[in-house]
Amino acid sequence: MTGAAGRGAVASGAAAMAPLTPDEADRLFAPFAGFSALGLAVSGGADSSALFHLAADWAARRPDHPRLVVLTVDHRLRPGAAAECAAVVRMAAERRIAAEILVRPPDLRSGPLLGDIQAAARRARYDLLVAAAHRHGLGAVLLAHHLDDQAETLLLRLARGSGLRGLSGMRPVRLVGGVAFHRPLLGVPAARLRATLIARGLRWIEDPSNADPRFARSRLRALMPELAAAGLQPERLADTAARLARASSLVDAVAGDLRAAAVTDHGGYLSVDRARLAAAHPEAALRVVADAVRDLRRADYGPRLAPLEDWHARFLAGAPPTRLTLGGVVIDAARRERLWLYPEAGRGGFEVLDDPPDGTILWDGRLRLELVREAKAGTLQLAALGAAGRRDLARLGHRLPGPARASESVPALKRPDDGALLAVPAAGFCVAGVRLCSRPVSA
């Protein structure tokens, strides 16, 4: 190795460049004192190395400290990544802290664009960290995002035309797959983290991609000194993100009430009361629809705001498109009283799983299902209900509400040889010998 949401560790003047003191570190990690085990996401860069050493020092000062586990991800995107992960493991071993290298299967370069690769890497990183957290029994995983990251995120999202939620920046806590990811350093300037390492003679890895001008964040980072000279210092930008987050939380509360009153979950697709949506404040209405799209596809973010705003304006004018696809979800306005939102099959169709295992299954990347079968149930296939399955279900006396395409998008358990239906969770249909249950799409 070489070398805002909350302003808890931010200092002004010369102190803004000073190493973090033990008292400051104790305050940053105090919320985790009651945990039995914590994960530390460490890449070996300056920020995550600082997180590691600060957490290790904090734990050493507490006789009842949580068990720490270092998690480092090898995305297999750079030749030196494996060596860097190995260096992280050695660093953890020097402090007698357990560490695991999480390796992503080499399929990230399937996307044609750099942005696709970065997005895929981010999703893969969270998937690996979530699985490791469950495997190690971790109460939370700590990430090393800091104040400068928050400022850059605000500017990047501003450039993309994000709305209030996007401009709120990164949140101190994010729940993914039942695991809480915390960012205890979000109020700490990057300079203080590096100063903390330098003061102790500690080294870190410089990731060359951080200075790669092909990436938007790298290009923006190069502009930060000029922006700071014009008054847009990272501290000020992070403060702005925190204020916008405060306003966004109010919209969340109003939108939550609207969603509870207007949205019905049909076990794989949603319907929305048109009158209630039309009468709602536009900001709350936009958030409800955006969240519905996000949840139906279990995506990190909702659809782009501009096309959603255009759809909403046409909806209020009484002339929405009959069907519009946003974020892989169809908004169907063909019926008078309710809007129907359902996943679009796309060119590849919905996922087909032959002979799925018992237990929890993530189907089509969007629905968590629980499968239990008897030993004599035979070979099964998990796939979308489809048109033929919908007609078979109707003949069996079960009809799903809404457009045909909506009901055809739900999961169904079938016999692969003749296509006979065995279970359709959305319809409450199940034959003897198997049980298939689904969780709400927003879970």
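This talk goes through some helices, salt bridges and strands of one predicted model.

First, the ground rules. Residues are counted from 1 along each chain as its sequence is written. Because the model is predicted, local features need pLDDT of at least 70 and side-chain atom pairs count only at pLDDT 80 or more, while totals for chains, interfaces and linings use all residues; side-chain values use heavy atoms, with hydrogens and water left out. Helices (H or I, at least four residues) and strands (E, at least two) are DSSP runs, numbered from the N terminus.

Buried means under 20% relative accessible area, exposed over 50%, and partly exposed in between, with a 1.4 Å probe and protein chains only.

Next, two helices that pack together. Two packed helices are described by the angle between their axes and the distance between the axes. For α9 and α11 the angle is about 75 degrees and the axes are 9 Å apart. That makes α9 roughly perpendicular to α11, the term for angles of 65 to 115 degrees; under 35 is roughly parallel, over 145 roughly antiparallel, and the rest oblique. Axes are lines fitted to C-alpha atoms, for helices over the stretch in contact, and angles run from 0 to 180 degrees between N-to-C directions. Contact means heavy atoms within 4.5 Å. Residues of α9 including V251, L258 and R259 meet residues of α11 including V288, D291 and D295.

Now the charges. How many salt bridges does the structure hold? There are 27 salt bridges, each a side-chain nitrogen of Lys or Arg within 4 Å of a carboxyl oxygen of Asp or Glu. One of them joins D295 to R259, with the closest N and O atoms 3.1 Å apart. This pair links distant parts of the chain, D295 in helix α11 (residues 282-296) and R259 in helix α9, 36 residues apart. Are these two residues buried or exposed? Both D295 and R259 are buried.

R165 forms another salt bridge, with D252, at 2.8 Å between the closest N and O atoms. R165 lies in helix α6 (residues 164-167) and D252 in helix α9 (residues 234-262), so the pair ties together parts that are 87 residues apart in sequence. R165 is partly exposed, at 26% relative accessible area, and D252 is partly exposed too, at 24%. A network of salt bridges links R165, R171, D252, R259, R287, D291, R294 and D295.

Last, the strands. Two strands pair if DSSP finds at least two bridges between them. Strand β9 (residues 323-326) runs antiparallel to β10 (residues 329-332), joined by 4 bridges. L326 has V329 in β10 as its bridge partner. There are 2 residues between the strands of this hairpin, and G327 takes a positive phi near 60 degrees.

There is also an open sheet of 5 strands, paired antiparallel in the order β12-β15-β16-β17-β18. β12 and β18 (429-430) stand at the edges with a single partner strand each, so one side of each is left without a neighbour in the sheet. Strands β17 (residues 421-424) and β18 pair over 2 bridges, and A423 has C430 in β18 as its bridge partner. Helix α13 (residues 386-395) lies across β15, β17 and β18, at about 90 degrees to β17.
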